[in-house]
Amino acid sequence: MCEESARRRWISFVNSSWSVDQVTLQETRSFLSNRMVVAFWPVATAIGCLAACAVAPDVPIPVAGGILAAACVGRRAALLSIGIVLLCGALAAAAQADCTPLRAGVFREWVQLVNDPSETHGAEIVDVRSEQGHVRLVARGSAAGTLRLRAAGDRVMVTGMIRSQWVDRSRHLRAMVSVGFVEVSEGETPLVSLINGLRNQISKGGRILSNELRPLYLGLVIGDDRDSSAQMTDDLRAAGLAHLAVVSGENLLFIMVLVTPMLSRVGMRCRLAVLLVVVVGFLSVTRFEPSILRAAAMTLVAGVAISVGRSASPVRVMSLGVILVLGLDPLIVNSRAFQLSLAATAGIVLLAGPITRRLPLPDRAAVALAIPIAAQLGVAPLAIPLFGPQPLLAIPANVLAEPAAALVMMWGCTVGMVAGFIGGPVGSALQLPAVLALKWILLVAHTTAGINGPRLGLAHLVALGAVVLAVWLLGRYRANRRTPHSSSPEFHHGQGAGDR
């Protein structure tokens, strides 16, 4: 009787142990599944938002908003991702519906300049905001002379003609207006005056420089390359350095380095407010270019995460930044500048680390070489079909030119402003480091452009991708062969119970 009772207690113990282990296994799988969802849902959502904004499905905004609200209430990550993707697609469809071409005819309205006028083929071209939406002005003669003196944020009365239907959805443009007269201009608002005053003060530092160096200086510091010569533009493009002539995320990164000591001394709410003011102010000075919008969104995401004490990986920051930008402007997905900027960033975020670890160089040298390699590989799938085979010499050219470019960016936002304010021989002396750095960049560009080096074509890119994939799969196969295979927990428990 005692033996029978003991046997039953032993069987009960084994069964209870089996049940506990089964529950533990299910909890472990659930935990890992949740961790994977948390890790990968921003990436999947960002990819989905890019696709949805490109396709612009006809989804009612209230429907997408309802799904999003239900996901927030139920705390369902997958449903939240679906809701965000559908909302981006619905916003893109609505934006496209509002971006239909205007009818041909007379155009006469008060308009506000969105960017600074630039000269192209003898005409002044500028995008403006009107009561009918965004349009592009093309002015010649006296009208061009009047527009040339204006800046972003100014309001002018324009009389012209819309001669044919034309749209550019990436910039929300509904028409191209041939300007006949620019009759009257109103004064600037205090905010616009403050922003343009800051931009003009930075530009004064470039006026001290020669005509050859000034466009590159202003392009690096505030993204103003309107006066670039054809020779300089061709050299930068041929050397793979054209991105240096436009403002980038590096400028914003340096600004954040300057304000970080102040942010560390204030509370969280004040910190977030200062961060928002700095980012929006920088965007206003650089005219809200698509490439800098991506960097600004990533900066805001990273700043918020740090302020609330949350860690965020670069992949996560990039994904959330993309979602934020597309939520604010879904049609930006059609902008080439945004596409190339995002591709370069994705290349750096995903590939720079692995490339650095595999280069047989000291750490700093490996990082300096890995970043341009990763950026070139990131933009290659877009740049090769658009612009043809890319020069491989762009990689060493970027390694040589990037430190000098970073110096000019930092110098122009600090010492360059002081030099522009002082002027004269003292101002020129203060700008000497920037002059030397600019001459070095132009020397690298001109020398690289004159070398007929190898180029990376689409076929080479596909072959390289296949080789990398094969090497990765081989490495995974060898790692699995070296790892001893263990049986599952269920097998061990079953075997143990049977033996007992």
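Me: How many helices and strands does the secondary structure of the protein chain come to?
Reply: This is a predicted model, where local features need pLDDT of at least 70, side-chain atom pairs count only at pLDDT 80 or more, and totals for chains, interfaces and linings use all residues. Residues are numbered from 1 along each chain as its sequence is written, and side-chain values use heavy atoms, with hydrogens and water left out. Helices (H or I, at least four residues) and strands (E, at least two) are DSSP runs, numbered from the N terminus. The protein chain comes to 19 helices and eight strands.

Me: What share of the 500 residues counts as buried?
Reply: Buried means under 20% relative accessible area, exposed over 50%, and partly exposed in between (1.4 Å probe, protein chains only). Of the 500 residues of the protein chain, the buried share is 39%.

Me: What is the accessible surface of the protein chain?
Reply: Accessible areas come from the Shrake-Rupley method with a 1.4 Å probe. Carbon and sulfur atoms hold 64% of the surface. The total for the protein chain is about 27700 Å².

Me: Is α11 roughly parallel or roughly antiparallel to α12?
Reply: Helix α11 (residues 314-328) and helix α12 (residues 336-358) pack at about 165°, with axes 10 Å apart. Axes are lines fitted to C-alpha atoms, for helices over the stretch in contact, and angles run from 0 to 180 degrees between N-to-C directions. Angles under 35 degrees count as roughly parallel, over 145 as roughly antiparallel, 65 to 115 as roughly perpendicular and the rest as oblique. So α11 is, relative to α12, roughly antiparallel.

Me: How many nonpolar residues has the contact of α11 with α12?
Reply: Contact means heavy atoms within 4.5 Å. On α11 it is made by P314, V315, M318, V322, V325 and L326, and on α12 by F338, L342, T345, A346, V349 and L350. Ala, Val, Leu, Ile, Met, Phe, Trp, Tyr, Cys and Pro count as nonpolar, Asp, Glu, Lys and Arg as charged, and the others, Gly among them, as polar. The contact has one polar residue, no charged ones, and a nonpolar count of 11.

Me: Is α12 oblique or roughly perpendicular to α13?
Reply: The axes of α12 and helix α13 (residues 363-387) come within 7 Å. They cross at roughly 140°. That angle makes α12, relative to α13, oblique.

Me: How many charged residues are in the contact of α12 with α13?
Reply: This contact includes 20 nonpolar residues. Another four are polar. The charged count is one.

Me: Is Q201 buried or exposed?
Reply: Q201 is found in helix α5 (residues 190-207). Leaving out residues up to four places away in sequence, Q201 touches M417, G420 and F421. Its relative accessibility is 18%, so Q201 counts as buried.

Me: Is R75 buried or exposed?
Reply: R75 is found in the loop between α2 (61-74) and α3 (77-97). Phi of R75 is near 55°, a positive value in a residue other than glycine. At 78% relative accessibility, R75 counts as exposed.

Me: Is R287 buried or exposed?
Reply: R287 lies in the loop between α9 (268-285) and α10 (290-307). Its phi is near 70°, a positive value in a residue other than glycine. With a relative accessible area of 11%, R287 is buried.

Me: How many Å apart in space are E188 and R155, C-alpha to C-alpha?
Reply: E188 sits in the loop between β6 (173-185) and α5. In sequence, E188 and R155 are 33 residues apart. In space, C-alpha to C-alpha, they are apart by 7.6 Å.
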